[in-house]
Amino acid sequence: MDPRLRATTDEFFAKVAEYAALDERAREAWRALLVARDYRKGDLLVTQGQQTRHIFFVLHGLLLQYHVGEDGESIVKRFFLEQGFAASTSALLTGDDSHFSIRAIEQVSVLQYDFGKFKDLVREHSAIAAFYIRYMERHWIVEKEPLEVSFRTDDARRKYARFLKTYPGLEERIRQHEVAAFLGITPTQLSRIRAASR
């Protein structure tokens, strides 16, 4: 195996180990699915309205997941930072077209793998199944529910404060309109909030 790929897969499995301990057989089976890819700033990894097959582990760079409505307005769902997994999860689970695009907003290096083949590994390896369950529990239930409540009940100032706490340092890496689209407010409202908090 290419030493560079070995180093990046070691980084990948260090993250996986935060959720479950894999035996060597499970690790090698999963490693066989991993493909290293680089994307330029502006490249789409997932395109709204098309099917998607991959999960991406971000080694370097930053990804933005968003939806463009019929009126042309963008809604930012989330940001995927280094050491995180990125995907249009509901599209992968249902096999339907993705409701979201995922775009590189910086130069990005990822390890990507086919979700269908990964699900085969979930059925074959109990340690990979344990990873999958713990990952989904932590990120799709424990973390997601409080965010859903806060986005319905918090005012714009509180949403912005939560954004700063959840994504420290991210504000310097993205444009103001992307922050505003994530918060569900206008760039003008965001400017006012920033000015009031100085």
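The legends below describe close-up views of a predicted model. Local features need pLDDT of at least 70 and side-chain atom pairs count only at pLDDT 80 or more, while totals for chains, interfaces and linings use all residues. Residues are numbered from 1 along each chain as its sequence is written, and side-chain values use heavy atoms, with hydrogens and water left out.

**View 1. The sheet E2-E7-E4-E5 is open and has 4 strands with antiparallel pairing.** Strands (E, at least two residues) and helices (H or I, at least four residues) are DSSP runs numbered from the N terminus; two strands pair if DSSP finds at least two bridges between them. The edges are taken by strand E2 (44-46) and strand E5 (74-80), each with a single partner strand, so one side of each has no neighbour in the sheet. From one strand to the next, the twist averages 30 degrees.

**View 2. Strand E4 (residues 63-68) pairs with E5 in the antiparallel sense over 6 bridges.** His67 has Ile75 in E5 as its bridge partner, and Gln65 stands opposite Arg78 in E5. The two strands, E4 and E5, form a hairpin with 5 residues between them. In the turn, Gly72 has a positive phi of about 85 degrees. E4 is also joined to E7 by 4 bridges, and these two strands run antiparallel. Tyr66 stands opposite Ser101 in E7.

**View 3. Helix H8 (residues 176-183) lies across E4, E5 and strand E7 (101-104).** H8 runs at about 100 degrees to E5. Axes are lines fitted to C-alpha atoms, for helices over the stretch in contact, and angles run from 0 to 180 degrees between N-to-C directions.

View 4. Strand E3 (residues 54-60) and strand E8 (residues 108-114) pair in the antiparallel sense over 6 bridges. The bridge partner of His60 in E8 is Ser109.

**View 5. Helix H4 (residues 115-124) and helix H5 (residues 126-142) have axes that come within 5 Å and cross at roughly 115 degrees.** The crossing of H4 past H5 is left-handed (the near helix is turned anticlockwise from the far one by less than a right angle). In contact (heavy atoms within 4.5 Å), Phe115, Phe118, Lys119, Leu121, Val122 and Glu124 of H4 meet Ser126, Ile128, Ala129, Phe131 and Tyr132 of H5. The residues of this contact divide into 8 nonpolar, 1 polar and 2 charged. Nonpolar means Ala, Val, Leu, Ile, Met, Phe, Trp, Tyr, Cys and Pro; charged means Asp, Glu, Lys and Arg; the others, Gly among them, are polar.

**View 6. The largest cavity holds about 210 Å³ of space.** A cavity is a set of points on a 1 Å grid over the protein atoms alone where a 1.4 Å probe fits but cannot get out, and lining residues have an atom within 4 Å of a point. Grid points are joined across faces, edges and corners, and a volume is the space filled by probe spheres set on the points. The count is 1 cavity of 30 Å³ or more. Of the 18 lining residues, Ile55, Phe85, Ala87, Thr89 and Tyr135 are the closest to the centre of the largest cavity. E5, strand E6 (85-86), helix H3 (89-94), H4 and H5 each supply at least two residues of this lining. H5 gives the largest share, 5 residues. The lining divides into 15 nonpolar, 2 polar and 1 charged.

Technical notes. On a 1 Å grid over the protein atoms alone, a cavity is a set of points where a 1.4 Å probe fits but cannot get out, and a pocket is an open set with protein on both sides within 12 Å along at least five of seven lines; lining residues have an atom within 4 Å of a point.
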